[in-house]
Amino acid sequence: MVVLEVNVLKNAACALLILITLSLPYPFASAQDIPHLEKKGDRFALVVDGKPFLMLGAQIGNSSSWPVSLPNAWVALEAMHVNTVEAPVYWEQVEPVHNTFDFTNVDLLVNQARAHHLRLVLLWFGTWKNGQNHYVPEWMKSDPKIYPREITAYGKLLDVMSPNSAANLEADKHAFTALMHHVREIDGARHTVIMIQVENESGSVGSIRDYSATAQQSFNSEIPADLASALHIRPATWAKAFGADADESFAAYSTAHYIGEVAKAGKAEYPLPMYCNVWIAYPVHALENRDRPSPGQEYPSGGPQQANISIWKAAAPSIDVLAPDFYSDDSALFRKILATYHRADNPVFIPETHFGASFGRYFFYALGSGAIGFSPFGVDRPVTAVATANPEAAVDENRQPNPAENFALFAPMVDEIAQFNLQGKLQTAVEEKGSERQTLHFDEADAIISFGFPQSDGNVPPGTPQLQGRAMVAQLGPLEFLVAGFDASVSFSLSPTPSARNEQIEILRADEGMYIGGNWQMSRILNGDETDRGLNFHHGTQQAVRIRLHKLPLYDQEVRKLRQP
Ligand code: DGJ
C-alpha cells in the first residue's frame with residue numbers, strides 16, 4: 001500500500017517534470033544555461049555553458065556569410081586560433097519578400113561553426129549598416145512612402161531609414177523576432193550562438209538628425225519622461241534640455257529607442273546577450289581648428305558614440321553591451337576608449353579592429369581592462385584587400401600576424417584566463433615608446449616587465465621596433481603567478497611595503513607548460529639562464545610559465561648583530 005502510494009507520487013512528479021520541461025522554450029535547457037552576462041564587482045563575464053567565456057573572436061567580411069565564401073573563411077579562422085566567429089545575417093537575404101523568411105544561410109553558419117568547433121556571434125545587418133540602410137530588403141527600399149527615409153534639414157531623402165517611423169520599427173522587429181525564434185529552435189539546446197549584434201554601427205550618415213515631419217513634431221515636444229529621470233534633468237523640450245547638443249541627442253534617443261525595441265522583441269523569443277557595435281567619434285586632427293568631429297559627417301549621428309552612452313543606456317535597456325569598434329593606430333586613444341566604455345553598466349568588448357600587426361598589443365590592453373572578447377575584422381579577406389585597406393596588415397613572411405599569435409597562445413587556457421579576469425586577478429603590460437620597463441603591482445609582489453631583447457645587465461631594455469612587447473600576469477596564490485607574453489621578460493620583486501625591508505623573495509620553481517582541458521601540464525622546469533634574469537618570452541612563444549616564489553628573511557639577525565659596530 002505504502003509502496004503503491006510512493007509510486008503514484010513518483011509518477012505524478014515525473015509527469016509534472018515532463019510537463020514543465022516541455023513547456024520550457026529551450027528543450028532540456030534552463031534559463032541559466034542560456035549564454036548570459038554575469039557581473040562581479042566591476043568585472044563582467046560572458047557565461048557560456050555555466051563557465052566564464054573569453055571570446056577570442058574574428059569577424060568575417062561583410063559578404064562572407066554565403067555558401068560560396070564560407071569555405072575560405074573557415075580556413076582563415078582556423079589559422080587564427082579563434083574560438084568564436086562573428087558573421088553577418090543579411091535582412092535582404094533573410095526576408096526577400098515581405099513576411100517570407102529564408103534562414104538557409106543562418107543554418108549553414110550554425111552547422112559549419114559546429115563542425116569547426118567554434119561559437120558564433122550573429123550580426124544583424126538590419127535597418128542600419130555603417131550608418132546607412134544598405135541591407136534593408138528591396139520591398140522596403142523601394143517604398144519610401146510606407147517605409148520612410150531619414151530626411152535632412154534641406155528635405156533630401158537619405159539612404160538611411162527614419163528611426164522615427166513606426167512602420168520601419170515594426171518591420172525590423174518582425175524580421176529580427178523571426179530570426180531569434182529560428183535561432184532558439186535550431187540552437188536553444190546547443191548554444192553555438194552565444195551573442196547577437198543588433199544592427200551594425202547605427203546612426204545616420206548624411207544628417208545630424210531626422211527632419212521628417214514626425215521627427216520634427218517629437219523634437220519640438222518635451223523629452224521623454226524616462227530619459228529625463230534617467231539623466232536627472234528637468235523635463236523640457238530637446239532644445240532646452242540639451243542646448244547645442246539637442247540635434248545629436250535627439251538622434252541618439254530615437255536610434256537607441258528603436259534598436260532597444262528591436263532587441264526587446266528578439267529577447268522575448270530567445271534572450272541571448274545583445275550588443276551594439278559603435279563607429280566611434282575619432283578626435284579631429286590636431287591641426288584642424290575645431291574641437292570635435294561633426295556628427296552625421298565624420299561618424300553616424302545618434303549611434304552609441306562616447307558622448308551618447310548615457311542616452312543609449314536609458315533608451316535601450318535591452319542592449320547589454322555598447323561595444324566600440326576600433327580602427328586607429330593611436331594606442332593612447334584605444335586606452336581612452338577602453339576606459340570610456342568600461343562602466344559599471346557596460347562590459348568591455350571590442351567586436352572589431354583592423355587585422356593588423358599593431359593590434360596584437362590591443363588585445364593585451366583589452367584583456368587587462370577585463371574585456372569579455374576581442375575580435376579583428378575581415379580575417380578572411382584576400383591579403384591584397386587587407387593590405388590595400390590597411391598597409392600595416394601586410395603579413396611578414398617569417399612571422400604570424402599578431403592577432404593569430406595572441407590567440408594561438410591563449411586558446412588552450414582561455415577558460416582559466418576568463419576566470420582570472422572575472423576575479424580581477426589578471427593584469428597586462430603593453431610596450432609603449434619610452435616605457436620599455438613597466439611594473440604591475442600585486443598584493444605581495446611586483447612583476448617587472450622588460451620589453452625587447454637582448455637585455456644586457458645594467459641597461460634599459462631595448463624595446464622592439466614595432467612595439468610588439470606585451471605580457472600578462474595572473475595571480476594564482478599570494479606568491480604564485482601565471483605568466484605569458486611576447487618579446488618580454490618578467491621578473492618579480494617584493495612589493496615595497498615596510499616589512500619588505502627585512503625580507504627577500506626567490507623562485508621556488510618555474511614550470512613552463514600550458515593548461516590542457518583544465519589541468520596544468522608542465523613540459524619542463526625552467527632554471528638557470530631561463531629564470532636568472534627573468535622569465536623570457538620571445539615572439540612566437542606558445543607556452544606559459546607558472547612561477548612559485550617565496551619569501552625569506554633578508555638577514556640572519558644574530559650574525560648581523562655580531563657584525564654591527
Ligand atoms: C566597420 C563595419 O562595422 C564593418 O562592417 C566594416 O564595414 C568595416 N568597418 C570596414 O571594413
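Visitor: What makes up the shell around the ligand, in terms of nonpolar, polar and charged residues?
Guide: Welcome! The shell divides into two nonpolar, four polar and four charged residues. Please keep in mind that this is a predicted model.

Visitor: Which residues are around the ligand?
Guide: They are Asn 62, Lys 129, Asn 130, Asn 200, Glu 201, Asn 277, Asp 325, Tyr 327, Glu 352 and Phe 377. Tyr counts as nonpolar and Asn as polar, so Tyr 327 and Phe 377 are the two nonpolar members.

Visitor: How much of the ligand does the protein bury?
Guide: The protein buries 78% of the 300 Å² that the ligand exposes when taken alone.

Visitor: Why is Arg 43 said to have no salt bridge?
Guide: A salt bridge needs a side-chain nitrogen of Lys or Arg within 4 Å of a carboxyl oxygen of Asp or Glu. For Arg 43, which is buried, the nearest side chain of opposite charge is Asp 42, 4.2 Å away. Arg 43 itself lies in strand β2, residues 43–48.

Visitor: What makes helix α16 mostly covered?
Guide: Seven of the nine residues in α16 (residues 414–422) are buried. After α16 comes Gly 424, with a positive phi near 70°.

Visitor: Why is Ser 218 called partly exposed?
Guide: Buried means under 20% and exposed means over 50%, with partly exposed in between. Ser 218 has 32% relative accessibility, so it is partly exposed. Ser 218 is found in helix α7, residues 213–220.

Visitor: How do you know that Asp 245 and Arg 292 form a salt bridge?
Guide: Their N to O distance is 3.3 Å, and the cut-off is within 4 Å, so the pair counts as a salt bridge. The pair links distant parts of the chain, 47 residues apart. Asp 245 is partly exposed at 33%, and Arg 292 is partly exposed at 42%. Together with Glu 248, these two are linked in a network of salt bridges.

Visitor: How many salt bridges does the count come to?
Guide: The count comes to 20. One of the pairs is Asp 345 with Arg 343, at 2.8 Å from N to O.

Visitor: What makes Arg 533 and Asp 457 a tie between parts of the chain?
Guide: Arg 533 forms a salt bridge with Asp 457, with the closest N and O atoms 2.8 Å apart. Arg 533 lies in the loop between β21 and β22 and Asp 457 in the loop between β16 and β17, so the pair ties together parts that are 76 residues apart in sequence.

Visitor: Why are Arg 533 and Asp 457 called exposed?
Guide: Exposed means over 50%. Arg 533 has a relative accessible area of 53% and Asp 457 has 57%, so both count as exposed.

Notes. Residues are numbered from 1 along each chain as its sequence is written. This is a predicted model: local features need pLDDT of at least 70, side-chain atom pairs count only at pLDDT 80 or more; totals for chains, interfaces and linings use all residues. Side-chain values use heavy atoms; hydrogens and water are left out. A residue is near a molecule or strand if one of its heavy atoms lies within 4 Å of it. Accessible areas come from the Shrake-Rupley method with a 1.4 Å probe; for residues, only the protein chains shown count as cover. Helices (H or I, at least four residues) and strands (E, at least two) are DSSP runs, numbered from the N terminus. Buried means under 20% relative accessible area, exposed over 50%, partly exposed in between (1.4 Å probe, protein chains only). Lys and Arg count as positive and Asp and Glu as negative; His and the chain ends are not counted.
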